[in-house]
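Work through the exercises below with the model open. Each task is followed by its solution.

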Amino acid sequence: MDLSVPVAMTLAVVVVGWFFLGMQWNVHKGQRLLRWMREGLPLLSERTTLQWVGTSLVRLGMREAKPPFREVEILLVFEPRDVPFLWLFSRWRGRRDLMILRARLRQPPAFEGEWGNPTMWTGREILQRIVWQEWEAMDMAGGRLAYHGPQAPRVITECLNDLARFCPYVARLSVRRNEPHHLQIHVGFPMDRQFPAREVFQQIRRIAERVVRSPGE
């Protein structure tokens with residue numbers, strides 16, 4: 001008896017079923033997170049545009065953001081749960097759900113720093129791209145920091161501690177004096193059942209204010 005046909009049909013059903021369940025999982029997580037974020041987003045901007053890109057990415061754009069921001073983009077990046085083999089491989093590579101905030105500020109930061117968590121995919125990526133001999137460097141908080149400016153280690157440490165309060169993990173924290181992004185924050189989705197959105201986004205505003213503060217302030 002030739003079993004190739006029923007085996008192939010069974011695999012097809014499993015793959016299609018996994019795709020459907022993975023897609024629904026990401027959509028459900030995204031909708032819940034967006035409902036939670038609704039209360040806090042006005043702290044960053046009065047107007048926000050929203051775009052779903054497939055089932056693994058949501059893009060929130062704020063062109064006219066409130067001070068200290070000039071422009072903000074938030075990306076909700078989901079694990080590729082709808083493709084089983086890709087999902088397993090990406091988890092092995094350290095890919096997890098991430099909220100990525102990218103911002104232009106109204107004034108450039110007082111220092112520069114790139115902190116990356118080597119166990120997370122975006123953290124590992126920036127650590128591999130840095131030309132280390134061009135920076136001062138140190139190990140910090142389970143990751144690696146490259147920086148310019150004597151106040152950078154202290155301020156970056158304070159920012160990481162603040163982020164760790166309401167996020168399960170931090171992948172990357174980037175502070176740059178040049179555009180397009182003065183500030184990037186890559187974190188696990190905030191723990192929405194423990195913290196109100198207004199509290200989380202108010203803390204993100206404080207982080208932005210802290211990185212533009214002059215050393216003597």
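**Exercise 1.** Find the helix that holds V155, and state whether V155 is buried or exposed.

Solution. V155 lies in helix α4; helices are DSSP runs of H or I, at least four residues, numbered from the N terminus. V155 is buried, at 4% relative accessible area. Buried means under 20%, exposed over 50%, with a 1.4 Å probe and protein chains only. Next, list its contacts, meaning heavy atoms within 4.5 Å. Apart from neighbours within four places in sequence, V155 touches F111, R210 and V211. The C-alpha atoms of V155 and V211 are 7.1 Å apart, although 56 residues separate them along the chain.

The model is predicted: local features need pLDDT of at least 70, side-chain atom pairs 80 or more, while totals for chains, interfaces and linings use all residues. Residues are numbered from 1 along each chain as its sequence is written, and side-chain values use heavy atoms, without hydrogens and water.

**Exercise 2.** Describe how α4 and α5 are arranged.

Solution. Take α4 as residues 152-166 and α5 as residues 197-212. Their axes come within 11 Å and cross at roughly 175 degrees. Axes are lines fitted to C-alpha atoms over the stretch in contact, and angles run from 0 to 180 degrees between N-to-C directions. The two helices are therefore roughly antiparallel, a term for angles over 145 degrees. Now inspect the contact. α4 contributes residues including V155, C159 and F166, and α5 residues including V200, I204 and V211. By class, the contact residues are eight nonpolar, one polar and five charged. Here Ala, Val, Leu, Ile, Met, Phe, Trp, Tyr, Cys and Pro count as nonpolar, Asp, Glu, Lys and Arg as charged, and the others as polar.

Definitions and conventions
Parallel < 35°, antiparallel > 145°, perpendicular 65-115°, else oblique.
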